[in-house]
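Okay, thanks everyone, let's get going. Have a look at the structure on the screen and I'll talk you through the parts I picked out.

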Amino acid sequence: MLELENINHVALIGSLMQQMCVYLAVAYMLSKTPLFAPLMQVTVRLPDKLVCYLVFSGFCVMGTYLGFQIEGAIANTRAIGAVLGGILGGPGVGLAVGLTGGLHRYHMGGFTASACAVSTTVEGLIGGLLHIYLLRRHRADRLLHPMIAMGTTLFAEITQMLIILAMARPFDQASRLVAHIALPMILSNAVGAALFMRLILDRRATLEKYSIAFSAKALRIAERSVGVLMQGFDQKNCSRMAKIIQEETGVGAVAITDCERLLGFVGIGADHHIPGTPISSQHTFQAINNNEVVYADGVDVTYRCSVSKDCKLGSSLVIPLRGEGNRVFGTIKLYEPKNKFFSSINRTLGEGIARLLSNQILAGKIEEQKRLLAQTEIKLLQAQINPHFLFNALNTLAAVIRREPEAARQIVQDLSTFFRKSLKRSGTEATLKDEIEHVDAYLRIELARFAGRLDVDIDIPEDLLNLRLPAFTLQPIVENAIKYGVSQMIEPGRIAISARRESDQLAIVVEDSAGLYKPSPESGGMGMNLVDRRIKIRHGEAYGIEVSCEPDQWTRVAIRLPAEEELVTC
């Protein structure tokens, strides 16, 4: 215990500064833990407030324990914890921290015990009141300013000295104590609070730089890799993807595998890690079988190349690629050479890249399924060509072949054109011109069959002929108009096909003169339903087929699609 007569201001300031350095060293070590995260921002959530209370209460107690006993008093840096707890956590946290630190000081005894307990609580409230004041003035950014922390702590320590003078007895001893410890404690606590806040800001700045660097790399990878793996999870695309990742992350090497083979490898060791060869790494098997990230740093977890003993790679990070149901369908592997350790950003980025690749591959599979579905629907439409249509066409041909050979030749030519366009069309899109030619070949045969009892009117503006629409859109609609409409009439019938542009939409209308349409769940047959469903899947519920009817007068089928840009022709 020091005697007041032996106290030297400079020596006491030096001692308190040493104590403050220990204080800050502990704070620095704490900054490397998750507990420090809530302290790097203005604390508003209850769990964060609890962490703030626990941390700064601990610093309050530590400041008292590290203090110097001076005739029943303690010269300390306790105020740093109380004031910063209030500044960052608000008045509730500041009061709780101050009470905790004050009660702890009170139980240590001394003629200033009561005064120090009260003053520590008041210091926490001072920090909390500043918190409220700056928030109400929308200046929350000022709460983390080191000079604000310094000024507030300086004011709080002056307030503590006044409380000691007001409460501690005997007064003579209290006044002599304050005269000796006021300057050292005010300076050390104020400077310590400013340095502590500076530590918080530096830590936050480091994390922000980390986040910016992470985001920049992730964005560049995302921009460069758009659609690469959607084209297929194969060696060519995986090699392209591995090259992009290696160039953006700067790691030693990048590999992509499925669950059996290496599909792509770029970087150090490319001479012996050959795409297409079976997986041989136990770390990769572990990641696939256990659906977990495997990090072999070469120290805690040994890394050794399973292909070549002379390989220069010294560590690897293996991340599973996951698909539907969280099932593993492959891995992405990042490597560093033996003379370089993994940076934290690349380890974290690796998991983000794995999610990006998984989503791309999953999207690619969905697109492939859509493409196959579209192809299947086209095959269904092709297969739906009514056998009776062929029989009717052949019967018509047999009827006219002797008496009208030229007409028969035309029927054969039209039949050939119709089947060629029906059976050889492999794409999912066509131009309106293609659809009209297909329908025209069909109608020419039907005109011959109906022998003057069918009239056809096609009115398509020239500027619409190159607009796109799903293949096999018109023929099933026209076939329905004849099969369920005109063919049921005793008198001659009429089919009218027209098209027009309505703002950004293409409207195609097929109308028959029968007026026999009756709505039902299965009305229109499979062909019309497939056409409607394909349009809605491709373009949305706003588009598709609408059917209206005036009984015994007409049935009108309107097809609505986006007026998409014309196909480029060479």
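**Sheets and cores**

Let's start at Ile-497: if you skip its neighbours within four places in sequence, it is in contact with Ile-436, Val-439, Leu-443, Asp-457, Ile-458, Asp-459, Ile-460, Val-478, Val-509 and Val-510. Contact here means heavy atoms within 4.5 Å.

Quick housekeeping before I go on. This is a predicted model, so local features need pLDDT of at least 70 and side-chain atom pairs count only at pLDDT 80 or more, while totals for chains, interfaces and linings use all residues. Residues are numbered from 1 along each chain as its sequence is written, and side-chain values use heavy atoms, with hydrogens and water left out.

So, what sort of place does Ile-497 sit in? Along with Leu-432 and Ile-508, Ile-497 touches the most other members of the largest nonpolar core, which has 38 residues. By nonpolar core I mean a set of buried Ala, Val, Leu, Ile, Met, Phe, Trp, Tyr and Cys residues joined through side-chain atoms within 4.5 Å. Buried is under 20% relative accessible area, exposed is over 50%, and partly exposed is in between, with a 1.4 Å probe and protein chains only.

Who contributes? Helix 12 (405-423), helix 13, helix 14, strand 11, strand 12, helix 15 (525-539) and strand 14 each give two or more residues to this core. Helix 13 gives the most, with 8 residues. Helices (H or I, at least four residues) and strands (E, at least two) are DSSP runs, numbered from the N terminus. There's also a second, separate core of 36 residues, and Phe-36, Ile-80, Val-97 and Leu-134 are among its members.

Now the sheet that goes with those strands. It's an open one, 5 strands in the order 9-11-12-14-13, with mixed pairing. Two strands pair if DSSP finds at least two bridges between them. Strand 9 (454-459) and strand 13 (544-550) are at the edges with a single partner strand each, so one side of each has no neighbour in the sheet. On average, neighbouring strands are turned by 15° against each other, direction ignored. For angles, axes are lines fitted to C-alpha atoms, for helices over the stretch in contact, and values run from 0 to 180 degrees between N-to-C directions.

Further in, strand 12 (residues 505-512) and strand 14 (residues 554-562) pair antiparallel over 8 bridges. Val-510 stands opposite Val-557 in strand 14, and Ile-508 stands opposite Ile-559. Helix 13 (residues 432-450) touches strand 9, strand 11 (493-502) and strand 12, at about 165° to strand 9. Helix 14 (residues 474-483) touches strand 9, strand 11, strand 12, strand 13 and strand 14, at about 25° to strand 12.

How enclosed is strand 14? Well, 7 of its 9 residues are buried, so strand 14 is largely enclosed by the rest of the structure. On its other pairing, strand 13 and strand 14 run antiparallel over 7 bridges, with Ser-548 partnered by Arg-556. Their hairpin has 3 residues between the strands, and there Asp-552 takes a positive phi near 65°.

Last stop, another open sheet: 5 strands in the order 4-3-7-6-5, with antiparallel pairing. Its edge strands are strand 4 (262-267) and strand 5 (294-296). Inside it, 9 bridges join strand 6 (residues 313-322) to strand 7 (residues 328-337), and Leu-317 stands opposite Leu-334.
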